Structure formats: structure tokens, C-alpha cells
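Morning, everyone. I have one model to show, and I will keep it short. Here it is.

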Amino acid sequence: MDIFAAIGVLSPFPFYYYLWKWPQSWVDFCGKGRDPSKIMAYVAHFLKLIQFISLFSVSSFHWPPPFYFWPLFAFGQFLNFRVYQLLGEPGTYYGVRFGKTIPWVTEFPFGVISDPQYVGSIMSLVACISWVPFQYILLWILGYVFMIRVESKEDPSTRAKPLN
């Protein structure tokens with residue numbers, strides 16, 4: 001296993017863990033008048049780019065993809081899009097942890113699939129298994145499983161207070 005690719009694949013998870021456990025420090029770091037969810041989204045997109053570059057560095061592409069690629073990838077991306085559509089940026093990027101009010105959503109996939117954003121991402125990763133060595137896919141999935149466990153234990157008393 002290429003250690004640099006493995007580190008790249010795991011790079012976002014310490015950041016997400018830190019933000020989930022200590023949201024007030026992130027709100028304070030972002031400063032007054034700045035949206036911590038938006039700043040988190042910028043950092044998360046940069047870390048996602050590092051993840052993709054890491055995967056591409058160890059991948060070997062061929063065409064056409066296997067038969068299972070399209071349904072897994074399409075449904076996984078649909079779930080991710082739907083979560084973003086229903087919750088918006090604040091709901092997707094820990095807005096509730098940063099003191100924002102996020103509306104309760106019961107439309108599909110919520111109420112049907114637990115953690116649909118992670119399920120969708122895992123489905124998309126599994127779709128790419130013919131191109132990417134298994135250990136990198138597994139490492140990324142383990143990062144998602146770790147975050148599912150971390151986010152399942154939310155203590156409302158640790159939520160950040162907005163700086164306004």
C-alpha cells in the first residue's frame with residue numbers, strides 16, 4: 001500500500017472528527033460574520049480533492065466499466081444530491097453543530113436509509129472497485145464508518161454558540 005495515497009484517502013476524517021467534537025473552536029476560528037458551514041465546505045472540498053488525487057494515483061482505468069458500476073454509482077450520487085437538496089449546505093456541513101437551526105426532514109431518503117449521505121458515498125466507492133485497489137476503497141469506507149459512529153452520538157450541550 002502506498003503510504004501517501006493512504007494518508008490522502010484518510011485526510012478529511014481527522015478534520016471532520018475535530019469539527020464534530022469541538023464545534024465552538026471552529027466557529028471562533030472562522031470569526032464573526034463568517035459562515036462556519038461555508039468555510040467547512042471549502043476545506044472539505046479541498047480535502048476531497050486530495051482524496052481523489054490519492055485514489056487516481058493508484059488506479060488503473062479501463063473501458064467499459066463493469067455492469068454494476070452504473071447503478072451503484074448513479075444511486076450513490078442520487079443519495080448524495082438528495083441529501084444536499086433537502087438539507088442545503090448548513091445541513092450537510094454540520095450546521096446544527098455550529099448553532100444553526102436545520103429543519104427536520106422526513107422525505108426520502110431520510111426515514112428509509114440511515115446516514116444516506118454516507119451510504120451514497122460508499123455505494124459510489126464500491127462502484128469503482130474494478131479500477132481502484134481494494135485496500136484503498138476499504139480504507140475510505142472505514143473512514144465513513146468511523147464518522148457514522150462519531151456522528152451517531154451527538155450531545156446538544158456541545159453545540160457551538162453563534163458569534164453573530
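Charges to begin with: the protein chain carries 12 positive and 9 negative side chains. Lys and Arg count as positive, Asp and Glu as negative; His and the chain ends are not counted. The centres of the two sets lie 3 Å apart, with each charge placed at NZ of Lys, CZ of Arg, CG of Asp or CD of Glu.

A word on provenance. This is a predicted model: local features need pLDDT of at least 70, side-chain atom pairs count only at pLDDT 80 or more, and totals for chains, interfaces and linings use all residues. Residues are numbered from 1 along each chain as its sequence is written, and side-chain values use heavy atoms, with hydrogens and water left out.

Now the fold. The protein chain has 7 helices and 0 strands. Helices are DSSP runs of H or I, at least four residues; strands are runs of E, at least two; numbering starts at the N terminus.

Dimensions next. Along the principal axes, the C-alpha atoms fill a box of roughly 50 × 35 × 25 Å.

What share of the 164 residues is buried? The figure is 41%, where buried means under 20% relative accessible area, exposed over 50%, and partly exposed in between, using a 1.4 Å probe and protein chains only.

Last, one residue. A74 sits in helix α5, residues 69-92. A74 is partly exposed, at 45% relative accessible area. A74 and S124 are 50 residues apart in sequence. In space, their C-alpha atoms are 7.6 Å apart.
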